Amino acid sequence: MVRILFIVFLCLLVPGLASMGYSLWQGPAAWSVDTGVFWGLPISLFVFWIGLAHAGTLISAIFLVLDVKMERRTSILAELATLCALVVAVIFPLMHLGVIQNFYMVAPYMESRGSMANVCSPLVWDFCCILAYGLLSVVYLVVHVLADKSAVAASIHRPLAWLLFPMVLWVHTIVSLDFAATFVPAWRGAFFPIYFIVGAVFSGLAMVNIMLCAEGYRMRQLEKLMLVGSWFLGAFLLWDFALKGNLSVTVLVFAVLLPQLMFVSAVRESTLGRVLVSSSIIVGLLLERVFLVFPSGVVGFGWVDLGLICFGFGLFGVIFLVARLKLSRVIEGEEVLMGEVEETVPKRPATGRFSYFAPLTTPEFRMLRFPLLLGIIACTLFLVWVVGCLEENGIAFSDANLVPLTCPIITTVAGIVLCLRPLVMHIGKVGGVVMVALAALLGVLAGMVYGGVTSVPSGAVVSSTGDMLDVGTLPDSTSTLDSVAIIRTKAVFEARCAGCHGADGRLNEKFVREYYPVPQNLDISRMDALGEDSLVNVILNGRTNMNPYAGRISPQMARGLVRYMRLLAETPAADNAARNEGGDE
Amino acid sequence: MTPLMSSLACVMALAQAFFLWRGKMHILKEGLLLFGFFCISCVFTLLVGSPDDPQIEHYPLRMLALCLCFSTTSLPRYRRRYLVMAQAFWLWVELFGGIALAYRGIEFAWARSLAIFLLCCSSTLLSRISKEMEFCLMVFWIAIWILF
């Protein structure tokens, strides 16, 4: 069975890899994109896979903190599936970025590269949340695996579950804000955070149910939860329809109506029936994400898009099966049958009714509140620094923009503190000191590498013998352009630069303020301070987030662009708008 | 939404909470009740809210969260845990709904979110929830709903 599944997933992965390679080579033009919102299938797949990545933590951590007993094998399988789905999920926003090698630019590590990471951007929030979630999920799986043999690991299993509980919900909430915080009318919804969580949890449950069927056993509570999830998804779909008039009947059928077949005992009691219903949910949720990202309808869906979908499923299946086989001894070593679960966490020492703990020494404080307190302090310090940087650079922001960064920072710091204590106890004081020193050294090195690396060319450079855009001869001694040069440079500016800098040179609100690090404000005083030669050099060779254009435009054209930008900077915004309108005519 | 209708929504949430967690717990029964309450809240919001007001978008969820908060006072066991979780859910709805609305130029309701946050944090310190404390909590929730 495993071999057959492995071959099936490989058959999906191989053409998927070809599609992925082609997509990376060609860039966003390779896949279908909604021309109204400029987003395409990779974003749909990202939301879909990040939703599936909720399964493990939901099944394991949330059930643990709520005292819902379940088999160890089921929870470890679900946690493994989380990590595999997370690996698949992070690939898609990276390829959607276009400049894949500059992914770390979205980290809110301010000022180190001379550009401001945009903390108002949901993309930056995504980066932090997924990083924190991935890190904690790995630690959680390791702790869970070790918990049977090590009392130290068992002691932090439950507190870690408490930390992961809000984190897993936070991740998908932030993903929902990618949509809810935009200008697109179809995505406006203050209910999106909870709607996305319901969808994610629902699809995660369906995935775990399929896995359980493949393993040959079942969990009735999961099936009931799936049914409840289908009702709530249906309610949200109808609420969206009531507010905006959007309703996908296909999604309603696959994700809401077909799961009701679980009320039929013949379907419910058959493995094939459960697999088909769960698969219907997965398909319905995938379609829901696709229709969400394409509000004006899916157009130009081709083999590349199909290949990307295959890539996701193929990669997930292959990684999961390999990890499943490698960990089979751990997963199946001490199998416990459903309903006979023993407590793996040691019972708390019986304390008398009036037992006294000195202030700040209770087990609850030491295990959970103290790490959380340290996390809150670290987060507060970070936010104070961020606010200082934003104000110093004159960037407008709201306090609400900073809130999404709090949970990942608090949880990560608290998780590290929580794991450090037993780790130090386990390996001794000397080993602990060495580990802390190594971690500090690693942090310093990472900071140095991050702060010192320069932008890498995007790889899209045309050979020097190719057709370079030129502007003709420009006078060297003066910073003006004649009317012919203005027309030429304006066309190039609008084709190459306006996407980020805006047609009037005052930033493209949609692309820059929301999704990318904020570029330098090129007002007239700054342009004068930098000088024409310096700016020409930036255009040709790139700097931080600015891609190099050497080979695609001539040095003369770069100089022409600098002068055109200066012209825009000298002109009031209203005049620029009038000029653009006139130019269009 | 007018203050009168807002008060009516609060009463509805209180009335719905009466039916939750009664007798033996069954996932399907409780899930169906919550689904029903959510649908009723949606219909209520559509009837009394202005379609042009973006704040109605998460109003049914706010009603559901308030209903869950009220319902935790009738739980037989683990009341503190579920009390905190219900308030955290309410805070979640307010906070992220508010952030989504803030991007559309609607002022973020800091006072409401802060009040729920403080109440949620202080609830974690409760060791025993007496009848008087239940009453106080319900008064606080109603006050937050009506005043902020």
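**Figure 1. Chain A of the predicted model, seen as a whole.** Of the 585 residues in chain A, 40% are buried. Keep in mind as you browse that this is a predicted model. Chain A holds 22 helices and 0 strands. Take the contacts in chain A with a separation of 6 or more: 76% of them come from residues 24 or more positions apart.

**Figure 2. Helices α3 and α6 of chain A pack against each other.** Here we zoom in on α3(A), residues 55–65, and α6(A), residues 151–180, whose axes lie 8 Å apart at an angle of about 125 degrees. That angle makes α3(A) oblique to α6(A). The crossing in which α3(A) passes α6(A) is left-handed.

**Figure 3. A closer look at the residues joining α3(A) and α6(A).** From α3(A), the contact draws on A:Thr57, A:Leu58, A:Ala61, A:Ile62, A:Leu64 and A:Val65. Facing them, α6(A) supplies A:Arg158, A:Ala161, A:Trp162, A:Leu164, A:Phe165 and A:Val168.

**Figure 4. The contact between chain A and chain B.** Chain B brings 26 residues to this contact, and chain A brings 25. On the side of chain B that touches chain A, the elements giving two or more residues are α2 (27–48), α3 (59–72) and α4 (79–102) of chain B. Look for α4(B) in particular: it gives the most to this side, with 10 residues. The residues on the side of chain B that touches chain A comprise 20 nonpolar, 4 polar and 2 charged.

Note on methods. Residues are numbered from 1 along each chain as its sequence is written. Chains are lettered from A and ligands numbered from 1 in the order in which they are written. This is a predicted model: local features need pLDDT of at least 70, side-chain atom pairs count only at pLDDT 80 or more; totals for chains, interfaces and linings use all residues. Axes are lines fitted to C-alpha atoms, for helices over the stretch in contact, and angles run from 0 to 180 degrees between N-to-C directions. Helices (H or I, at least four residues) and strands (E, at least two) are DSSP runs, numbered from the N terminus. Angles under 35 degrees count as roughly parallel, over 145 as roughly antiparallel, 65 to 115 as roughly perpendicular and the rest as oblique. A crossing is left-handed if the near helix is turned anticlockwise from the far one by less than a right angle, and right-handed if clockwise. Two residues are in contact if their C-beta atoms, placed from the backbone, lie within 7 Å. A residue is buried if 20 or more other C-beta atoms lie within 10 Å of its own, exposed if 12 or fewer, and partly exposed in between; C-beta atoms are placed from the backbone. Ala, Val, Leu, Ile, Met, Phe, Trp, Tyr, Cys and Pro count as nonpolar, Asp, Glu, Lys and Arg as charged, and the others, Gly among them, as polar.
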